[in-house]
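This report describes selected local features of one protein model. Please consult the sequence and the structure shown here alongside the text.

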Amino acid sequence: MDGALLETMRTALRGPVIGPDDQDYGQARAVYNGMIDKKPAAVVKCRDTADVMAAVAFVREHGLDVAVRGGGHSGPGLGLSDGAVTLDLSPMNGVRVDPATQTAQADGGATLGDFDHATHAFGLATPAGIMSTTGIGGLTLGGGHGYLTRKYGLSVDNLVSADVVLADGTFVSANPSEHADLFWALRGGGGNFGVVTSFDFELHPVDTVGVAITLWPLELFHDVIRWYREFLPQAPEDLYGFFASLSVPPGPPFPEEIHGRKMCGVIWSSTADPESLGETLAVVNEPGPPAFHFTTPMPYPALQSMFDALMPAGLQWYWRGDFFDRITDDAVDVHAGFAEQLPTGLSTMHLYPVDGAAARVGPDDTAWAYRDAVWSGVIAGIDPDPANAAALREWAVGYWEALHPHSMGGGYVNFLGTGESQGRVRATYRGHYDRLAEAKRTYDPHNLFHANQNIEPAPPH
């Protein structure tokens with residue numbers, strides 16, 4: 001985009017338009033994953049829905065590429081594209097709670113931290129992720145799972161309406177009675193159908209939660225994960241616990257003698273009486289004595305931000321994921337082997353439960369196609385040093401290739417990594433792909449919004 005066009009764009013918008021020659025361009029194009037180094041033609045800091053509408057109209061009329069960024073947590077950096085205009089929604093981060101109806105409206109650029117701060121004042125929350133710096137927009141459009149999923153479902157199961165700027169620049173509301181086909185597609189179909197400028201969510205009573213961390217030495221890996229795969233699915237839905245392979249962080253609450261050791265563990269949370277969690281987890285000795293076990297009550301926003309300091313913006317990330325309906329003995333062997341090969345101190349593997357309430361939603365009710373999954377798995381190579389980027393990717397891809405035959409065939413769309421095939425996108429949506437392609441043809445027939453895990457418009461009838 002030449003300088004004259006850039007200036008024309010600046011006059012058309014209220015928010016700042018940052019170009020490559022501007023002093024703050026480097027900061028404006030930075031995203032959470034430090035491995036991403038894309039150079040957009042401009043970054044538009046959208047102030048409001050009118051800015052989004054004007055920006056979409058501008059890029060369409062001038063034949064420009066566009067990408068949309070909310071929280072910037074996309075692993076492949078899909079909020080940026082070389083030579084494209086990034087619509088940065090981060091200035092649009094307001095959240096309004098209605099305690100009478102137990103709903104909240106969140107602007108498209110809000111983070112989970114913004115959302116949880118607003119809702120916690122009323123003792124309310126909705127299922128959304130495990131890190132407060134994550135954008136609520138991208139997380140929700142991919143489906144959205146988190147600590148409350150076993151109890152209250154996915155983020156999209158709690159979405160009651162969305163305001164959307166479409167590819168033609170028009171504004172619509174999507175809900176069960178208006179643009180129901182778009183509402184269905186938004187609930188898991190990613191950023192393919194427009195720019196969502198606000199989300200309305202149902203909220204649930206959540207205030208102080210019980211939190212626990214249990215770690216075991218790797219020598220017990222096989223016994224622990226076999227115990228976990230049986231214990232958690234039959235546990236009360238108030239209890240959530242994701243399994244992890246990790247290196248113990250060097251700081252509290254972990255004792256110094258286990259700092260840096262490779263271990264396996266479960267991060268637990270409970271929406272039941274926080275004081276009862278210790279009794280519920282008395283069973284953690286069954287697979288073998290833990291090296292560390294810690295239980296405490298905690299305000300829900302503190303749980304959501306527990307990993308923020310450990311995982312600041314700018315680290316090198318490479319991740320891949322899959323869904324699992326069971327953890328086979330062969331998969332256990334794969335997990336155990338790669339846990340011993342964790343390439344860096346921050347690299348990890350997580351198995352997030354997506355059963356319970358999420359499994360009771362009809363398989364065709366939303367675009368999320370894996371209601372029969374029990375776990376959403378992610379393998380993440382992470383390190384601050386760019387020199388380790390290749391090693392992170394090699395470990396993560398090797399791990400995924402060994403584990404994939406034991407999966408359900410597709411993965412959470414937000415856990416797809418860079419360089420994955422279009423076939424992986426299709427596998428994510430199973431039999432819903434063609435229906436999503438029809439919605440894409442209706443709402444974005446020319447594929448303006450293609451800087452995403454792309455669903456191409458269905459051909460004309």
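This is a predicted model: local features need pLDDT of at least 70, side-chain atom pairs count only at pLDDT 80 or more; totals for chains, interfaces and linings use all residues.

Helix 4 comprises residues 112-120 and lies across strand 5, strand 6 (103-107) and strand 10. The helix runs at about 30 degrees to strand 5.

When neighbours within four places in sequence are set aside, Asp 116 is in contact with Tyr 300, Pro 301 and Gln 304. With Gln 304 there is a polar contact between the side chains, at 3.2 Å. A further relation across the sequence concerns Ala 302: 186 residues separate Asp 116 from Ala 302 in sequence, while their C-alpha atoms are 9.5 Å apart in space.

## The antiparallel sheet

Strands 5, 6 and 10, across which helix 4 lies, belong to an open sheet of 5 strands with the order 5-6-10-8-9. The pairing in this sheet is antiparallel. Strand 5 (95-98) and strand 9 are the edge strands, each pairing on one side only. From one strand to the next, the twist averages 15 degrees.

Within this sheet, strand 8 (residues 159-165) and strand 10 (residues 195-202) run antiparallel and are joined by 6 bridges. One of the residue pairs is formed by Val 164 and its bridge partner in strand 10, Val 196.

## Strand 4 and its parallel partners

Strand pairing of another kind is found around strand 4. In general, strands of a sheet pair through backbone hydrogen bonds, either parallel or antiparallel. Strand 2 (residues 42-45) runs parallel to strand 4 and is joined to it by 4 bridges; here Lys 45 stands opposite Asp 88. Strand 3 (residues 66-69) also runs parallel to strand 4, again with 4 bridges, and the bridge partner of Val 66 in strand 4 is Val 85.

Which way do the residues of strand 4 (residues 85-88) point? Val 85 and Leu 87 point one way, whereas Thr 86 and Asp 88 point the other way. All of these residues are buried.

## Backbone exceptions

Most residues other than glycine have a negative phi, and most peptide bonds are trans.

His 179 is not a glycine, yet its phi is positive, near 50 degrees. This residue is found in the loop between strand 9 (171-174) and helix 7 (180-186). Asn 447 likewise has a positive phi, of about 60 degrees, without being a glycine; Asn 447 lies in the segment after helix 14 (433-443). Are these residues buried or partly exposed? His 179 is partly exposed because its relative accessible area is 35%, which falls between the limits of 20% and 50%. Asn 447 has a relative accessibility of 16% and so counts as buried.

The remaining site concerns a peptide bond. Pro 252 and Pro 253 are joined by a cis peptide bond, with omega about 10 degrees. Pro 253 is found in the loop between strand 13 (239-247) and strand 14 (262-270).

Key. Residues are numbered from 1 along each chain as its sequence is written. Side-chain values use heavy atoms; hydrogens and water are left out. Helices (H or I, at least four residues) and strands (E, at least two) are DSSP runs, numbered from the N terminus. Buried means under 20% relative accessible area, exposed over 50%, partly exposed in between (1.4 Å probe, protein chains only). Two strands pair if DSSP finds at least two bridges between them. Axes are lines fitted to C-alpha atoms, for helices over the stretch in contact, and angles run from 0 to 180 degrees between N-to-C directions. Contact means heavy atoms within 4.5 Å. A polar contact is a pair of N or O atoms within 3.5 Å; within protein, one must be able to donate a hydrogen and the other to accept it, and residues adjacent in sequence count only if both atoms are side-chain atoms.
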